[in-house]
Amino acid sequence: MKSVDEYDVIVVGAGHAGCEAAYVTSTMGLKTCLITIHLETIAQMSCNPAIGGLAKGHLVREIDALGGLMGLLADKTGLQFRLLNRSRGGAVQAPRAQSDKVLYRLTMKNWLENIPKLTLFQGFVTEIFIKDKKTRGVLTLEGNKFLSKAVILTPGTFLNGLIHIGLNSYSAGRANEPASKELAENLKKIGLKTFRLKTGTPMRLDKHTIDWSQFTPQAGDKKPVPFSFRTQKKLNNKILCHIGYTNQKTHEIIKNNLDKSPLFSGKITGIGPRYCPSIEDKVVKFPHHLRHQFFLEPEGLETAEIYVNGISSSLPLQVQKKILQSIPGLDQAKIFRPAYGIEYDAVVPTQLRLTLETKNIKNLYLAGQINGTSGYEEAAAQGLMAGINAALKIKKRKPFILRRDQAYIAVLIDDLISKGVEEPYRLFTSRAEYRLLLRIDNADKRLTQYGYDLGLIKEKDYENYLKKQENIKKTMEFLKKEKIITENNEKIPLKNMLKKPEVRFKNVVEYKKFKLPLSDEEIRNIESEVKYEGYLKKQEKEIARIKRVDKEKIPKNTEFKKIAGLTGEVIEKLEKTRPQTIGEAKKIPGITPAATINLHIHLKIQKRKKQIREKCST
């Protein structure tokens, strides 16, 4: 007789999304089971041994501010830390760290193993139990039943995964790990629409066979900036990365072997990532480029493996070797693991609610690459939000939905749900219309109160957060109150002086002594708040205006076909959905900003006409 176990929540898949989801639900007091194919690959960095970057670093800061794990883990296992765009404004600065790949997954596994309400289980999920359009649990390949009130599905690239190296391909979810075919078919059977996506990874090289003198060293920052607001210890850089370039000989080798590439032979049907293309994609799409940059990144302190960031490929192994031989410094390099491309199933994300629960099946949540995203950070952010909302629903509490002006996490989820994806989605700062508000230095101010209220931020960390906000408040009062005399004998507040682009906080306090000791993080926040003040006020007014428009009601008898400027497709969607407000209309996939404006103008005109009629009748 097969066993039947019961839990509040079951999380399927222990990648970055699954780990955050399981941590959240168990920390919020729910009995949780995290099921994964291999316990040894919990939080595995399948591709790049790094966390953060532009927009991605913002996500990690927000995950941390809400009480998630990724920021803490990145700080604990980081080998090299850099703050990107350090010389530019605070809105586009973002942390990035090279991580020890093995230490990262071992640390995460250890953390999860010590959570009281969390059970880890090695198993292969093949089916989601559905009864009366509601999730009841899962079934494993061995026939074991796991019952639950909610299921969070985070399978990464494992759904119908197919690996390509040259014209040879084999079924796998990751190199040498089985693909999840049964679960993929089960999802289609229960009514979820899926489509194919593609991603890839570069070769890993033996560091002892690389001539490092041929490459430019890239060091970390002298004073590393942590990801986590909760990290107290000083961070240290332990490695160097190196920068290199391909050349015309490299490009000729690739061009001469395109017939062996599954990308160009038609064997791969899935759509690949536009912003992280394979080297063969780069050579074909950018023929005018004489060279392409790549980075040599160590995968850990206890391994000789080097990740070649920028030479992702699905060409045959022999061609990969020729590519290396064409690059001085890599001409003698030995390949530990060949580069490969992988195709997999993703679920059309417009089938989800903003809570990441599926619309047609209650208590089934999806997070990570299954929703069409790429990147560890995007996956972790979704896992965190899916976990929070699954827990809140079980507890019969209101869902937790962030607005686009509150977090990059909201931009990510809103883009997926309202717009859908045609290629692996990657978050950029340019996708956020309120990016001046969504900086790394104020992520805690924006989100920590939520994390504390949800029970994810510990009391001590919350007290530190409150102390930081008090320090910033006192400093702002000091900058407003204290004044200096300019060369023109004009008295101006220190705050006005700090607004100048070239002036830093340390320059300001040279004029007036300020006794309160401030951390680098607090200073970064103060400088950004002061320098962006005028722009921030404008954005806040715009946000308030949009909120008013979003609340505008659409009368039940509205004839959408009579509204000027609406396309037939938009009219059809509005007629079918019948949104009650402008805000609801904006969430309908395919409804453009222009269509929303036309709808708003039409409603204003109709309202004005009604007022005139009422006035005339009296």
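A: Start with one pair. In this predicted model, Arg404 and Asp415 join their side chains in a salt bridge, at 2.8 Å from N to O. Arg404 sits in the loop between helix H10 (376-394) and helix H11 (408-419), and Asp415 sits in helix H11, so the pair ties together parts that are 11 residues apart in sequence.

Q: Are Arg404 and Asp415 buried or exposed?
A: Both are buried.

Q: Which residues are linked in a network with Arg404 and Asp415?
A: The general idea: side chains of opposite charge can pair when their charged atoms come close. Here a network of salt bridges links Arg404, Asp414, Asp415, Lys419 and Glu433.

Q: Which residue forms a salt bridge with Lys255?
A: Glu252, with the closest N and O atoms 3.9 Å apart. Lys255 is partly exposed at 36% relative accessible area. Glu252 is partly exposed too, at 37%.

Q: At what angle do helices H16 and H17 pack?
A: About 70°, with axes 5 Å apart, for H16 (residues 520-531) and H17 (residues 533-550). H16 and H17 are therefore roughly perpendicular. Glu529, Val530 and Lys531 of H16 make the contact with Glu533, Tyr535 and Leu536 of H17.

Q: How do the residues of the contact of H16 with H17 divide?
A: Into 3 nonpolar, 3 charged and no polar.

Methods
Residues numbered from 1 in each chain as written. Predicted model: local features only at pLDDT ≥ 70, side-chain atom pairs only at ≥ 80, totals over all residues. Heavy atoms only, no water. Axes fitted to C-alpha atoms, helices over the stretch in contact; angles between N-to-C directions. Helix = DSSP H or I, 4+ residues; strand = E, 2+ residues; numbered from the N terminus. Parallel < 35°, antiparallel > 145°, perpendicular 65-115°, else oblique. Contact = heavy atoms within 4.5 Å. Nonpolar A, V, L, I, M, F, W, Y, C, P; charged D, E, K, R; others polar. Salt bridge = Lys/Arg side-chain N within 4 Å of Asp/Glu carboxyl O. Buried < 20%, exposed > 50% of the residue type's maximum accessible area, 1.4 Å probe, protein only.
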